[in-house]
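Please keep the sequence and the structure in view while reading.

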Amino acid sequence: MKVLMLNGSSKKDGNTNRALLEIGMQLEREGIDYEIFQIGGAPIRDCIGCGQCSEQGCVFDDDSVNAFIAKAKEADGFVFGTPVYYAHPSGRVLSFLDRVFYSSSASFAFKPGASVAVARRGGTSASFDVMNKYFGICRMPVAGSTYWNLVHGRVPGEAEADAEGMQTMRNLARNLAWMMRCFKVGSENGVPLPETEREYVTNFVR
């Protein structure tokens with residue numbers, strides 16, 4: 001089993017990465033592989049609702065969105081990490097995830113997920129709330145921890161000093177690993193996935 005994590009910061013070795021790394025190290029102790037996918041500093045398009053999605057993902061292939069989608073199809077669980085910009089997730093990670101989920105939501109269905117927000121001080125709970133919206137619309141069970149999945153730190157390396165934040169990351173990893181193992185046992189024993197109705201898409205605008 002493998003967890004795919006997204007580092008929504010353009011800083012490869014910043015505090016967001018450190019929070020994800022703490023999750024990853026605990027996952028390894030639980031016998032689960034992980035990969036941190038770095039969003040990078042290159043430009044990322046917004047979703048424009050063009051409806052040209054395909055099996056490969058988004059029609060625009062000049063960034064790393066489709067590379068992430070390809071990895072998501074093989075993953076068993078997910079963690080999305082974001083730095084906090086003005087009490088909100090980074091615009092880059094939201095543009096990235098909008099296109100990922102709009103074009104390839106089936107790659108995430110019935111796989112557990114969690115989000116992590118990292119900030120100097122404020123805005124973490126608001127950012128955490130925004131990131132969690134992706135899970136609910138894509139039939140993804142959400143893994144929790146012993147506190148909100150938040151870590152504090154301003155300059156790279158300061159997250160290390162947030163003892164409770166690091167503890168929260170480790171407990172999140174344990175809970176995510178437990179959920180993944182439960183789902184695997186269910187699948188191996190013939191527990192079917194729930195049916196999903198798609199007949200009605202109601203538009204109340206008249």
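The model is predicted, and the description begins with the loop between β3 (77-83) and α3 (91-104), where Tyr86 has its place. Ala87 is found in the loop between β3 and α3 as well. For Tyr86, a residue other than glycine, phi takes a positive value near 50 degrees, and for Ala87, likewise not a glycine, phi is positive and near 60 degrees. Tyr86 counts as exposed because its relative accessibility is 86%, over the 50% cut-off, whereas Ala87, at 41%, counts as partly exposed.

| Residue | Phi | Relative accessibility |
|---|---|---|
| Tyr86 | near 50 degrees | 86%, exposed |
| Ala87 | near 60 degrees | 41%, partly exposed |

How many residues does α3 have, and what does it reach from its first C-alpha to its last? The helix α3 has 14 residues and reaches 20 Å between those two atoms, which is close to the 20 Å expected at 1.5 Å a residue.

Ten of the 14 residues of α3 are buried, so the helix is largely enclosed by the rest of the structure. The buried residues of α3 include Val93, Leu94, Phe96, Leu97, Val100 and Phe101, and among them are also Arg99 and the serines Ser95, Ser103 and Ser104. What covers these buried residues includes the strands β1 (2-7), β2 (33-38) and β3, together with the helices α2 (65-72) and α4 (124-137).

Methods: Residues numbered from 1 in each chain as written. Predicted model: local features only at pLDDT ≥ 70, side-chain atom pairs only at ≥ 80, totals over all residues. Heavy atoms only, no water. Helix = DSSP H or I, 4+ residues; strand = E, 2+ residues; numbered from the N terminus. Buried < 20%, exposed > 50% of the residue type's maximum accessible area, 1.4 Å probe, protein only. Expected span 1.5 Å × (residues − 1). Contact = heavy atoms within 4.5 Å.
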